[in-house]
Amino acid sequence: MNVDIIGDIHGCYDEFKSLTEKLGYNWDSGIPLHPSNRILAFVGDLTDRGPHSLRIIEIVYNLVQTKKGIYVPGNHCNKLYRFFLGRNVSITHGLETTVAEYKALPLSEQKKISKKFISLYENNPIYQTLDGDKLIIAHAGIREDFIGRYDKKVQTFVLYGDITGKTHEDGYPIRRNWAKHHKGKSIIVYGHTPVKDPIIQNRTYNIDTGCIFGGKLTALRYPELEFVSVPSSMPYVAEKFRELEQ
């Protein structure tokens, strides 16, 4: 399996296009396709905060539909999914940018994009186990003993990380670093927590390098295990980047 796993995009279409081109993908068909049939994979959080969330939804939907993409949802994906279902969700923490894009569309286009995203969300697992269990993609990561389970506890972990229920002074959730205890043979690729540079710890790879906060957008090439990044065009927000407990 030859796959390029993309970190949290958050609507940053320009950086996503630049990164895929740097990885050797061609956009002539309207979606990024690789001449050597490499596949793109996404760790979730396609939308919110950035300028082109709906365009990213369209692209990822088309890639997955044509078997040229692999997707797992993130916590922002989950919230947008619930919004599209008509649930009562708080239009905050970046969702307001996606909702503004959505509401600017004609009603017929709103129906099309919401239908596509609902289908994308419902027809893909909360984490992907690939290449004979050698590779696992999960938005916020997954504990070794959770692999193979899909219950509510595992869903919460995969979407939000190993949360303690407490928060830092700035309101940011306090999370345990599950990766430092990972002893399994599987490589786990995840995002969710923005870091300045990709972090490798016990065969786990955090590739959310905070594109939406002015960092960079990063891909991990598999099986090569090489990082490829492009710089962000967004303003740099230093306080959004976290140090993981070692």
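Residues are numbered from 1 along each chain as its sequence is written, and side-chain values use heavy atoms, with hydrogens and water left out. Because the model is predicted, local features need pLDDT of at least 70 and side-chain atom pairs count only at pLDDT 80 or more, while totals for chains, interfaces and linings use all residues. Helices (H or I, at least four residues) and strands (E, at least two) are DSSP runs, numbered from the N terminus.

**The S11–S12 hairpin**

- Strands S11 and S12 run antiparallel and are joined by six bridges; two strands pair if DSSP finds at least two bridges between them.
- Three residues lie between the strands of this hairpin, and Leu225 takes a positive phi near 55°.

**Nonpolar cores**

- A nonpolar core here is a set of buried Ala, Val, Leu, Ile, Met, Phe, Trp, Tyr and Cys residues joined through side-chain atoms within 4.5 Å. Buried means under 20% relative accessible area, exposed over 50%, and partly exposed in between (1.4 Å probe, protein chains only).
- The largest core has 45 residues, and Ile6, Ile9, Phe16, Phe42, Leu46, Tyr71 and Phe117 touch the most other members.
- Elements that each supply at least two residues of this core include helix H1 (13–22), strand S2 (39–42), helix H2 (53–65), helix H5 (107–122) and strand S12 (226–231). The largest share, eight residues, comes from H2.
- Leaving aside neighbours within four places in sequence, Leu46 is in contact (heavy atoms within 4.5 Å) with Ile9, His10, Gly11, Ile56, Val60, Tyr71, Cys77 and Leu120.
- Another core, of 15 residues, lies apart from the largest one, and Ala41, Val43, Ile137 and Ile187 are among its members.

**Aromatic pairs and charges over rings**

- The structure holds 15 aromatic pairs. Rings of Phe, Tyr and Trp (its six-membered ring) pair if their centres lie within 6.5 Å; planes under 30 degrees apart count as stacked, over 60 as edge-to-face and the rest as tilted.
- Phe83 and Phe84 make a tilted pair, 5.7 Å centre to centre with 55° between the planes, and both residues are buried.
- Tyr127 and Tyr150 are stacked, 4.7 Å centre to centre with 0° between the planes. This pair links distant parts of the chain, 23 residues apart: Tyr127 is in strand S4 (residues 127–130), and Tyr150 is in the loop between strand S5 (135–138) and helix H6 (152–160).
- Tyr127 is buried at a relative accessible area of 1%, whereas Tyr150 is partly exposed at 49%.
- One aromatic cluster is formed by Tyr81, Phe83, Phe84, Tyr102, Phe117 and Tyr121.
- The charged end of Arg55 sits over the ring of Tyr13, 4.3 Å from its centre, and that of Arg143 sits over the ring of Phe146, 4.1 Å from its centre. The criterion is NZ of Lys or CZ of Arg within 6 Å of the ring centre and within 35 degrees of the ring normal.

**Cysteines**

- The structure holds zero disulfides, a disulfide being a pair of cysteine sulfur atoms within 2.5 Å.
- For Cys77, the nearest cysteine sulfur is that of Cys12, 14 Å away; Cys77 is buried, with a relative accessible area of 0%.
- The sulfur of Cys211 is 3.8 Å from the closest cysteine sulfur, in Cys12, which is too far for a bond. Cys211 counts as buried because its relative accessibility is 1%.

**A glutamine in H5**

- Gln110 is found in helix H5 and counts as buried at 12% relative accessibility.
- Not counting residues up to four places away in sequence, Gln110 touches Tyr102, Lys103 and Leu105.
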